[in-house]
Amino acid sequence: NSYCVSVYTCFLFCDYTLFLSLSFTHSYHLSHVTYVMPKNYQHILALVFAIKEINENSMLLPNVTLGFNIFDNYYNGQFTYNTVLRLLSAKERFVPNFTCDVKDQLVAVIGGLDSETSSYLATILSIYKIPQITYGSFVSGMNDKTLLASLYQMVPNEIQQYFGIVHLLIHFRWTWIGLFAVDDDNGERFFQTLVPMLSSNNICSAFIKRTPKWTYVADILDLFLDDLDKFPSLMESKANVFIVHGAPPSMLNLSWYLHMAVLDSNLGKVWIVTEQWDFRLSTYQKNWDIQFFQGAISFSVHSNEILGFKTFLENVNPSWGTEDGFIQDFWENAFSCSMKNYSVITGEEHKEICTGEEKLESLPGTFFEMKMTGHSYNVYNAAYAIAHALHVIHDSKSRSKVAQKNVKEAPISRCNDHCHPGNTRKKKEGEPFCCYICIPCPEGKVSFYKDMDFCNDCPEDQYSAPDKTQCIPKALNYLSHEGSLGKALACFSIVFAMTTICVLRIFWKHQDTPIVKANNRNLTYTLLFSLFLCFLCSLLFIGKPTSTTCILRQTAFGIVFSLALSSVLAKTIIVVLAFVATKPGSKIRKWVGRKLGDTIVISCTSIQVCICSIWLFTSPPFPDRNLNSLREEIILECNEGSATMFCLVLGYMSFLAMVSFSVAFFARKLPDSFNEAKFITFSMLIFCSIWLSFGPMYLSTKGKYVVAVEVFSILTSSAGLLSCIFSPKCYIILFRSQLNKNPAFMGISELPTSLTCQCFCFTLLSKQVVKLQKPSVFCKETTIKRSNSLAERK
């Protein structure tokens, strides 16, 4: 068997420091340097020595190994609570109410050095009925008998010190004194207890000084500077006896005051301090003179010299580092050296490498004592108290087992078997309440114990296990970059975007060729640029939703797609008007030109921009957690904010798509030799088909697949526009360049824009290329013939 004893000791500032990177350690405003008190390391060594003696004593705990853990509480309540809960779970796992290690059982806790830590520990340990032995002082201000039921003190009640202080003052006839205490509950309790005792014995207080409680370095420096001007007046008081209630670590600032005051004058005061004050210095105070405490009277904790302890201290070596997580930092701070393989330079101070031959007995008493201090003696006795308690428990268990051998097993007498965890009891109709049936808990509910009358609901972010005995945290569900689906969609998005760039480069390189001129270069460039943005905006849908991506997702998608559809609509309208304008006397001819296309694109896109702006100002999208759609997962999604505005954005894009498709469809009656309208018609047919199927798929999927469906629709519809409209042109430019550079098409620019477009397309895209000597004459004759033909039909 093995048992674990945990010791809580206080190290930060007034003690030793470790685990500065832990999240429960407060960071400091001015510096991340912590102050070490090497003297308190003897508390750890006292425990190690005691456990070593106990385990080597075969008569005390035979066949039982007593182990221990040591934790630094950093004078932080939150850190203390968290560490206690981890300790109760064992194996360094934070699982409240569960014991994860049946071998190393926690049997007792020793700590803490101050009352505040002890009360923090008692709050949790009293629930589990785990005994706590305090080795420091404990102010008896707690009235909760439940918390105190499992708490034991190694130090006498603090009130006994106050009686001793009063008798001391009466003996020396000191009737004019000053009082110092920390400005907290313990300090206030000190004043409320001692001042009436002084008054009843005709002793007066010249002043009562409440020193600030140590919190952060920045705060304490501000408070120190505020009080520094007032402190000399206290030292100049006629009172020559000062009584100090020294609670670590908050009394360190008193040392600062005295250190600054002694630089100006000799204090010459008599200090009477309580047992908490141990006349210890931190590493940054190593070179300070404590002469101002000369002649101080201290009420100390009882101690005794333990045989073999001094020899044990003499053999302490920093090579214990693998078993002792504190010793290396203690050694470095105590001897001002470095355990690293290189020298450490801090400012102007140069630290030599520790040799390991340094001796503890060479340290001054303010840093380390070779005699066992009162607090160390309490730790030593606490360990032995626990060992003797375990000895008694094992003896009683052994006698109980012997007695049970002669007792036969009792018969079972019940109406039915127990209902196991995961089930609940239901009374049988017409039978006594002792008879019941076991019913499995419904989905989302669990029961942890046997014979439960009802099942408990799992929290929203958890779901019930298959056996309904525990609640399991739900996993996060979103379209991640790390997942295969997210990677595939991101790759397709980038590939299509690069393809668009290549097409744009082809058109830019051949911008002076007839086929590029005939297709309205400005609208073509605008369409290609908008398709490029369409492919890239799909990347906003991939990854964990944030406030920024949620706002940009739908708005960027709606504006960019509206720009693309407006460009397609403008190209379609210009194609139709180009043929209508060829009629003799047509008034539409003056509208055909560059300004018409720009007006259509800007006006149609501006409407979508206004819709999105209203959406963002009234009810913008935001990241949300969907806890109910999937049983075992939490969906991280973007809440659209206003479903009406979202539908309005999609509806406006659908309107542009249907208008573009309708205009392109009516243009099918143009001469067969002009295929631009057919390409636009086919591309818009693909576009509309994809987004018509998007609705049912969007509503029928859940989780990350909802986002994947929208990204897929964006990519495929954009790719459909890119391939259907630009593939034939790229084919002619790259593989049929003779059609794009035929001499028959030179000189077309002499005609008006509409006739140039019509005549070029008639010639270029016809089934058989017509080779003309005078293309301008051909275009004019073609226009006249077509006008006459239309007139005859009428």
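**Close-up of the pairing between strand 21 and strand 22.** In this predicted model, five bridges join strand 21 to strand 22 (residues 633-639), and the two strands pair in the antiparallel sense. Within this pairing, R625 lies opposite L636 of strand 22.

Three strands make up an open sheet with mixed pairing, in which the order is 20-22-21. The edges are taken by strand 20 (475-477) and strand 21 (622-626), each of which has a single partner strand, so that one side of each is left without a neighbour in the sheet. From one strand to the next, the twist averages 30°.

**Close-up of the packing of helix 2 against helix 3.** Helix 2 (residues 77-89) packs with helix 3 (residues 115-125) at an angle of about 40°, the axes being 10 Å apart, and the crossing of these two helices is right-handed. On the helix 2 side, the residues that meet helix 3 are G77, T80, Y81, V84, L85 and L88, and their counterparts in helix 3 are Y120, L121, T123, I124 and L125. Sorted by class, this contact comprises eight nonpolar and three polar residues, with no charged residues.

**Close-up of regions that contrast in confidence.** The average pLDDT of the protein is 75, and 71% of the residues score at least 70. Among the elements, helix 13 (residues 484-509) has the highest mean pLDDT, at 91, whereas helix 22 (residues 753-764) has the lowest, at 38. The pLDDT is below 50 over residues 743-794, a stretch with 62 contacts in the model beyond near neighbours in sequence. Over residues 1-33 the pLDDT stays under 50, and the model has 155 contacts beyond four places in sequence for these residues.

Definitions and conventions. Residues numbered from 1 in each chain as written. Predicted model: local features only at pLDDT ≥ 70, side-chain atom pairs only at ≥ 80, totals over all residues. Heavy atoms only, no water. pLDDT = per-residue confidence, 0-100. Helix = DSSP H or I, 4+ residues; strand = E, 2+ residues; numbered from the N terminus. Contact = heavy atoms within 4.5 Å. Axes fitted to C-alpha atoms, helices over the stretch in contact; angles between N-to-C directions. Left-handed = near helix turned anticlockwise from the far one by under 90°. Nonpolar A, V, L, I, M, F, W, Y, C, P; charged D, E, K, R; others polar. Pairing = 2+ DSSP bridges.
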